[in-house]
Amino acid sequence: MRLFAIGDLHLPGGDDKPMDVFGGQWEDHFLRISQDWRGRVGETDVVLIPGDISWAMQLRDAVADLTAIGALPGRKVLVKGNHDYWWNGVTQVRSALPEGMSVLQHSAIDLEEAVVCGTRGWTIPTKDAPLPPEEWKIYQRELLRLTMALEEGRRMAQGRPLVVMTHFPPLYQAERDTEVTRLLTAYGVHTVVYGHLHGAGIRAGFSGEHRDVRYRLVSCDSLGFRLADIPLHS
């Protein structure tokens with residue numbers, strides 16, 4: 001099994017929603033992703049998709065996008081992003097998934113060679129941008145949900161690599177020691193993949209090793225619309 005990741009696919013959700021309004025680099029972006037995907041991913045491989053999957057507002061309108069992803073090779077594991085408004089309940093979402101596709105909602109999945117924990121996350125407070133009270137409550141709730149996923153994942157892992165997938169960044173280039181990163185280090189996480197950052201924001205994201213955990217920004221435009229290869233044994 002090889003492990004790949006790519007996030008923020010932003011598929012149209014039943015509407016003609018061209019992504020190139022966000023820049024010419026987005027023209028035919030899913031076609032380019034699909035071509036790369038088919039050329040590199042085998043049927044026994046796994047692709048992690050950390051959120052912002054479809055612009056759909058209702059699950060019925062996201063089905064075509066889920067089907068398009070499902071038609072690509074390999075097994076797919078998804079978490080919710082902040083724009084996935086169609087994701088109103090994990091039970092309903094699971095009932096609509098094509099074969100070979102799984103979703104995580106502050107939970108974990110055993111992939112045999114590794115265990116993956118998944119949760120949406122939230123904006124982290126920084127020295128320059130503390131959170132307002134209403135967002136602080138959401139952030140604290142998301143920390144608890146991440147802990148739930150990590151507890152489940154650690155029970156499953158039994159010494160195998162523990163991978164975390166979250167939509168929101170757990171750290172930034174200028175803000176690496178956060179409550180989230182301390183939690184990830186404490187649980188012995190091997191690798192974290194995350195998305196959410198686009199355009200000029202990509203420069204703020206951190207990819208590299210910090211306190212024994214490997215971090216990788218995998219929003220699709222940050223990757224040049226090619227899947228990231230996630231090593232499990234480095």
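Predicted model: local features only at pLDDT ≥ 70, side-chain atom pairs only at ≥ 80, totals over all residues.
Residues are numbered from 1 along each chain as its sequence is written. Local features need pLDDT of at least 70, and side-chain atom pairs count only at pLDDT 80 or more.

An open sheet is formed by 6 strands in the order 5-6-7-8-10-9, with mixed pairing. Strands are DSSP runs of E of at least two residues, and helices are runs of H or I of at least four, numbered from the N terminus. Two strands pair if DSSP finds at least two bridges between them. Strand 5 (107-110) and strand 9 (208-210) each have a single partner strand, so one side of each lacks a neighbour in the sheet. Strand 5 pairs with strand 6 (residues 115-119) in the antiparallel sense over 4 bridges. Ile109 has Val116 of strand 6 as its bridge partner.

Helix 4 (residues 133-157) packs on the sheet. Strand 5, strand 6 and strand 7 (162-166) are touched by helix 4, contact being heavy atoms within 4.5 Å. The direction of helix 4 makes about 170° with that of strand 6. Axes are lines fitted to C-alpha atoms, for helices over the stretch in contact, and angles run from 0 to 180 degrees between N-to-C directions.

The structure also holds 5 aromatic pairs. Rings of Phe, Tyr and Trp (its six-membered ring) pair if their centres lie within 6.5 Å; planes under 30 degrees apart count as stacked, over 60 as edge-to-face and the rest as tilted. Trp26 and Phe225 have ring centres 5.1 Å apart and planes at 75°, so this pair is edge-to-face. The two residues lie 199 residues apart.

Technical notes
Heavy atoms only, no water.
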